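Here are my notes from going through this model, in the order I'd look at things. Have it open beside you while you read.

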Amino acid sequence: MQKGKVDALLGIVFGDEGKGKVVDVFTPKYDVVARFAGGPNAGHTIIFEGKKFVLRSIPSGIFDEGKLNIIGNGCVVAPDLFMLEARELETAGYDLRSRLHISRRAHLILPTHRVLDRAYEAAKGKNKVGTTGKGIGPTYSEKAARTSLRVGDIGNNFLEKYNALKARHLQILSDMHFTDFDITDDEKRWMEGVEYMRSYQLTDTENELHQLLAEGKNILAEGAQGTLLDIDHGTYPFVSSSSTCTGGVCTGLGVSPKDIGEVFGIFKAYSTRVGAGPFPVELFDETGDRIREIGHEYGAVTGRNRRCGWLDLVALRYAININGVTQLIMMKGDVLDTFDTIRVCVAYEKDGVRTTSMPYDTEGWTAVYEDLPGWKTDLTAMTDKSQFPAALADYIRYIERAMGVPVTIVSVGPDRAQTVMM
Ligand code: IMP
């Protein structure tokens, strides 16, 4: 870690890699933790002092006194959900107001954005994305269309702007004949959330970050979702609507590429995906069910079953290149403890064509596997790499050789202590 740099910690597949836990392990080393993309579609589960928290919009450094947390300009914020999340932390005894700054340039998710999210999904029929329903797509669309409201608008003719935008949304919904909704309660809570947010430090976080970097502070950019859900580089259109990659750190925080230090790429020892879209390594058999059960692979936000499969090195290589990953972090190694054979996807195949590069559209491609021996050992009590069974050490070396990037951390359980430095 270099002083005066922004290190990025990114999920590099389909999200849900377990970033929350890693950030928790990393935060003591950083002065600032900043979210740069996404919003309440994220669900970072953190176990802190024996208590479980699911953070959605608030950065994971919030538990440490003296650390600054930033919700950056690239994020979208739903005031009502922010209030819910923040109050839970306040009740648990954490003083948020001194530790959290929210960018005035971040965009606001309105109650009607959530209705639009449902309406657009319904209109897509069988091609629906399977969104989290949090209004992410409609909000980012309006950001790009230059019609959205920003956090900074809260202090500035707010009601007038809100009502104008809401009226526009209601018109769109009426044009779509999407009438089965009632936002009365939602809107009341949302307005309450807006009032609540006023008591927070709504600042020009970009300028603050420049100052902090000049002072030699260390900043951790906490990713949300994953590279394959990135609006540009993911499996479009089955993606989220933000820039989830290293490039998004620059645009979503207002820092320059030369400010980026390490890029930590997090992946699981196997693959998962929530929502619709192509997934060449998906297992429809009992092995997939077994991975889901052992790994508790159910969505943190929606509770949906996650689709499961073996590790996909085609996707991983692509993500490493897109992000400039300098270190890999392998999560949930212990989930594979009981498997006799562990498969790794090394290429995709379609109509007799084989490729190791990520295709434009992964629909219809099937996975080509190599088989490696399972380690058949309980990893969960291991604290040092010298304790690792040979088959696990071989699995890690295999990934490192194929990817050309070192694996520097292996997680062997949900607890902070179950983290092995390599
Ligand atoms: P949206 O972000 O709610 O628009 O959802 C778009 C796609 O991204 C859907 O397939 C979601 O399931 C997926 N998605 C969004 N956030 C997350 C996340 O934090 N983890 C995993 N998948 C996510």
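Which residues is Asp31 in contact with, leaving aside its neighbours within four places in sequence? Keep that one in mind for point 1, and remember throughout that this is a predicted model.

1. Asp31 is found in the loop between α1 (19–26) and β2 (32–35). Its contacts, once neighbours within four places in sequence are left aside, are Lys67, Leu68, Lys217 and Asn218. With Asn218 there is a polar pairing: a polar atom of the Asp31 side chain lies 2.8 Å from the backbone nitrogen of Asn218. Asp31 counts as partly exposed because its relative accessible area is 28%.

2. Now to the Tyr395 end. The largest nonpolar core has 74 residues, and Ile12, Val249, Leu316, Leu328, Met330, Tyr395 and Ile399 are the members that touch the most others. Helix α11 (residues 390–403) gives this core its largest share, seven residues. Tyr395 itself touches Ala269, Leu311, Met330, Leu336, Ile342, Val344, Leu372 and Trp375, not counting residues up to four places away in sequence. Another core, of 32 residues, lies apart from the largest one and has Phe53, Phe63, Val151 and Tyr196 among its members.

3. Have a look at helix α10 (residues 313–323) too. Its buried residues are Leu313, Val314, Ala315, Leu316, Ala319, Ile320 and Asn323. As a reminder, residues three or four places apart point the same way, because an α-helix has 3.6 residues a turn. Asp312 caps the N-terminal end of α10, with a side-chain oxygen 3.0 Å from the backbone nitrogen of Val314. Just after the helix, Gly324 takes a positive phi of about 65°.

4. On to the ligand. There are 16 residues around the ligand, and Asp16, Asn41, Thr132, Ser240 and Arg304 come nearest. By class, that shell has seven nonpolar, seven polar and two charged residues. On its own the ligand has 470 Å² of accessible area, and the protein covers 96% of that.

5. Why does Glu206 count as buried? Because its relative accessibility is 7%, and the cut-off for buried is under 20%. Glu206 is found in helix α7 (residues 205–214), and its side chain makes a polar contact of 2.9 Å with the side chain of Ser103. Leaving aside neighbours within four places in sequence, Glu206 is in contact with Asn73, Ser103, Arg105, Leu253 and Gly254.

6. The other glutamate is Glu222, in strand β10. It counts as buried because its relative accessibility is 0%. Not counting residues up to four places away in sequence, Glu222 touches Leu9, Val23, Val33, Ala34, Arg35, Phe36, His44, Pro59 and Ser60. With Ser60 there is a side-chain to side-chain polar contact of 2.5 Å. The C-alpha atoms of Glu222 and Arg306 are separated by 22 Å, and the two residues are 84 apart along the chain.

7. Last, some backbone geometry to inspect. Most residues other than glycine have a negative phi, and most peptide bonds are trans. Arg146, not a glycine, has a positive phi of about 65°. It lies in the loop between α4 (136–145) and α5 (158–175), and it counts as exposed because its relative accessibility is 75%. Lys332 also has a positive phi without being a glycine, of about 55°. Its place is the loop between β15 (327–331) and β16 (341–350), and at 23% relative accessibility Lys332 counts as partly exposed. As for peptide bonds, the one joining Tyr236 and Pro237 is cis, with omega about 5°. Pro237 sits in the loop between β10 (219–222) and α8 (246–253).

Methods. Residues are numbered from 1 along each chain as its sequence is written. This is a predicted model: local features need pLDDT of at least 70, side-chain atom pairs count only at pLDDT 80 or more; totals for chains, interfaces and linings use all residues. Side-chain values use heavy atoms; hydrogens and water are left out. A nonpolar core is a set of buried Ala, Val, Leu, Ile, Met, Phe, Trp, Tyr and Cys residues joined through side-chain atoms within 4.5 Å. Buried means under 20% relative accessible area, exposed over 50%, partly exposed in between (1.4 Å probe, protein chains only). Helices (H or I, at least four residues) and strands (E, at least two) are DSSP runs, numbered from the N terminus. Contact means heavy atoms within 4.5 Å. A residue is near a molecule or strand if one of its heavy atoms lies within 4 Å of it. Accessible areas come from the Shrake-Rupley method with a 1.4 Å probe; for residues, only the protein chains shown count as cover. Ala, Val, Leu, Ile, Met, Phe, Trp, Tyr, Cys and Pro count as nonpolar, Asp, Glu, Lys and Arg as charged, and the others, Gly among them, as polar. A polar contact is a pair of N or O atoms within 3.5 Å; within protein, one must be able to donate a hydrogen and the other to accept it, and residues adjacent in sequence count only if both atoms are side-chain atoms.
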